[in-house]
Amino acid sequence: MTSRLRDELKEKVAQTKPEERHILLCGGVPCRSLRCLEVKEAVSDELHKHNFEEKVKVLETGCIGNCKLGPSLIIFPEGVVYRRLKTENAREIIEEHVLGGRLLEHLLHRDSISDELQHRREDMPFFQRQRRLVLKNCGMISPGINSYLSNQGYAALAKALTELTPEEVIAEVSRSGLRGRGGGGFPTGRKWQAARDTPGAEKYVICNGDEGDPGAFMDRSIMEGDPHSVLEGLILAAYAVGAGQGYIYVRAEYPLAVQRLERAIGEARKSHFLGDNILEQEFSFDLEIRVGAGAFVCGEETALITSVEGSRGDPNPRPPFPVQKGVWGCPTVINNVETLANIPAIVLNGAAWFAETGTEKSKGTKVFALAGKVRHTGLVEVPMGTTLREIIFDIGGGIPAGKKFKAAQTGGPSGGCLTEEHLDLPLDYDSLKAVGSIIGSGGLIIMDEDSCMVDVARYFCDFNRQESCGKCTPCRIGNKRMLEILEKIISGQGEEKDLQRLEDLALLIKNASLCGLGRSAPNPVLSTMRHFRDEYLAHIKDKHCPAGVCPELSRYYIDAKECRACGLCARICPVEAIYEVENERVYRIDPEKCVDCGQCQEECPFEAIEGGRKRKKVAGV
Amino acid sequence: MGNVRRRFYFFMKKPAAQLKEKAKGKYDKLDTVLEKYKGRGGVLVKVLQEAQEMYGHLPRELLIHVAYELDVPLSEVYSVVSFYSLFRTKTTGRIHLEVCSGTACYVKGMEDLLEYFRENLSLRPGGITDDEKYSLTTSNCMGVCSSAPVIKIGGELHGEMTLEKLQQLLKEHENDKQTQR
Ligand SMILES: Cc1cc2nc3c(=O)[nH]c(=O)nc-3n(C[C@H](O)[C@H](O)[C@H](O)COP(=O)(O)O)c2cc1C
Ligand code: FES
């Protein structure tokens, strides 16, 4: 912000009367985990103290997406964002800004790249470079029906019911080129058409809100921040395929989403968007929420169906596909939350409008959940075809603490990693597939030089092993064997043959498993082996973990070239593990005695002591 | 299929009846739930969810009661309970800790949190301390990945965890518990 802008802003703040103001506070779960509700209470208390609680409203919104600002609030009409708030800040916000008309510069966001203060959301590169279609309401409105209605809510439903036939709705969605956002990328229009064409008196639509991919949280934010957009999308889907009953399957870890959806369904029923004769038309449809109980495989559509039916979420072979034989044996359309949230805008604004954004074969935008070692974690919605570099460095603000970017994991445990050479790759369904990964549900986990890729492969392999339902042998036993080989490599017992073994096993599991979980489970292993073979070899041949993560391969050693034989390390070593090599004027560490305390490395004046396990140090960097 | 099921059920019916006698009066609260769902298909998961909410965990006796009342084989009840990771058959401590072991939390060092519990409380995932004060589980992802690493203490989410913050929180919870008693 230039000083001229700042003066203008200060003047504007000074001239606004307190009663013209209202406050939006982000109440997304990430902010809640940083105690934003206590801040809200403190702000309300302060207003109450000054008898202003009637004049200045404090509204809680869904997640605004820039979680590293949280807890944060926006004061309108100026649109000033205050970030990283604590309860102690409430008094100054109310007394100084709201009532006194004075800007609080120390609570403004300072951009990490330009080092400038920024006071409005629109000025922050994090938001500026996004194109928010699905998230347009998230964090801007409170999740109730009135706010949704005043933002063109249910206009698409009214249009479809009064002006369009179901076939026309499907045609519009097909023309838009929308593909499923749940991972598979299957054209949504085609899926709907198939369900419509299958004969059957009873049909179902299901919204897949299981979001089992660890590291992804966009579906949660949509369900919590803008639940009515999901409902509207689902009702439109039901109208298009001719379904009378629908389910929303939400994972149990998202109680707030369940609560918000329940409320939204109640409101929609009252307003005749759900129930018999919706909007006084021929069409009737109702909805039920099904809550999961913690199983990753239930996100897979055939497993989801058995889980909705109330049993173990065991997957089944396809075909028959759900559109032919789904819940209770009836034709069923299953769509992801984000897919459905795209539908109202497509019906309202037309396919051509939607298809303007994105690449040739992947239309529209994609919401990515940016997490891991990146400055601005949060939700990022960008047109399909945006490069990784833009997302990580321009929007995400780069890697914190001066570290180097190493890899980005996409598609979670079913996906793969992208490396530096992929930074300029335009991200869409097909480009990612070409390099051995998938867009998945949009989780994007950034790793820096402190992550060991062999350990990452082990982590995902362990995840898939635990989540394997056990129905088919390749997945149940194969993943366990793969994990054992990886553990062997990590513990320093690896042989070069193991790489070939891993690859053979991976291909076998990929080809022979029953459902999508098994078929994609080897992807993280294959992809890390493809892009980080050196690291595997370092573990196997040199018995050394370059990132300093694997404990057995992160021993301390003295670099003979740097050692000046001052003897300091030998004197401070508490277990006398360091000795001088005869006639060589260098010191050496006896690995048998060393207890990895790391004191020698800290004290060595010549930085000659290498290796050692780099503690990740749990810290909010 | 139906036939096999009926025969299978026959074998377990008798001991179940005896056990039911033993459990008499213990699960009255649950019976109202069972009444609501009885005779409807696809309700097992829902019943178990509500039962766990009431009793904190699902002991064997309760499962037998459910199987008997809903008229499904005990094996089926067990297969559902063991399939879903949210169902617990063991008791939890007075303060239940849940560390997120999702990818974002893994990258941000959740293993240090687990190490803290291991070293200071001799507590491992799935375990409970001898005095039944703390129990610990891990979760795949709590959907708060932007604030990783994340821990849930007594049902409350806390993000951007550091060891200092963790110690502070544990102390707060301990004090809360004491004032409650
Ligand atoms: C192991 C596995 C897990 C999955 N998890 C999810 C999930 O959590 N959420 C989701 O929407 N789709 C998930 N899917 C994809 C679904 O099977 C299905 O393709 C999707 O819900 C279809 O919706 P869409 O066409 O709108 O993408 C998963 C697939 C597999 C194989
Ligand atoms: S990975 Fe821990 S909250 Fe998602």
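Helices (H or I, at least four residues) and strands (E, at least two) are DSSP runs numbered from the N terminus. This is a predicted model, in which local features need pLDDT of at least 70, side-chain atom pairs count only at pLDDT 80 or more, and totals for chains, interfaces and linings use all residues. Residues are numbered from 1 along each chain as its sequence is written, chains are lettered from A and ligands numbered from 1 in the order in which they are written, and side-chain values use heavy atoms, without hydrogens and water.

View 1. Chain A contains 25 helices and 19 strands. Along the principal axes, its C-alpha atoms fill a box of roughly 95 × 65 × 40 Å.

**View 2. The shell around ligand 1.** There are 18 residues around ligand 1 (a heavy atom within 4 Å). Gly182(A), Lys191(A), Asn335(A), Asn336(A) and Thr339(A) come nearest to ligand 1. By class, the shell holds three nonpolar, nine polar and six charged residues, with Gly counted as polar and Asp, Glu, Lys and Arg as charged. Strand 10 (332-336) and helix 21 (516-520) of chain A each supply at least two residues of this shell. The largest share, three residues, comes from strand 10 of chain A.

**View 3. Backbone contacts of ligand 1.** Polar contacts are drawn here (N or O pairs within 3.5 Å). A polar backbone atom of Gly182(A) is 2.7 Å from an oxygen atom of ligand 1. Arg181(A) also places a polar backbone atom 3.3 Å from an oxygen atom of ligand 1. At Gly299(A), a backbone N or O atom lies 3.2 Å from a nitrogen atom of the ligand. Of the 600 Å² of accessible area that ligand 1 has on its own, the protein covers 89% (Shrake-Rupley, 1.4 Å probe).

**View 4. Two cis peptide bonds.** The bond from Phe76(A) to Pro77(A) is cis, with omega near 10 degrees. Pro77(A) is in the loop between strand 3 (73-76) and strand 4 (80-82) of chain A. Arg318(A) and Pro319(A) are also joined by a cis peptide bond, with omega about -10 degrees. Pro319(A) is in the loop between helix 13 (301-308) and strand 10 of chain A.

**View 5. Backbone of Asn51(A).** Asn51(A) is not a glycine, yet has a positive phi of about 55 degrees. Most residues other than glycine have a negative phi. Asn51(A) lies in the loop between helix 3 (36-49) and strand 2 (57-61) of chain A.

Methods
A polar contact is a pair of N or O atoms within 3.5 Å; within protein, one must be able to donate a hydrogen and the other to accept it, and residues adjacent in sequence count only if both atoms are side-chain atoms.
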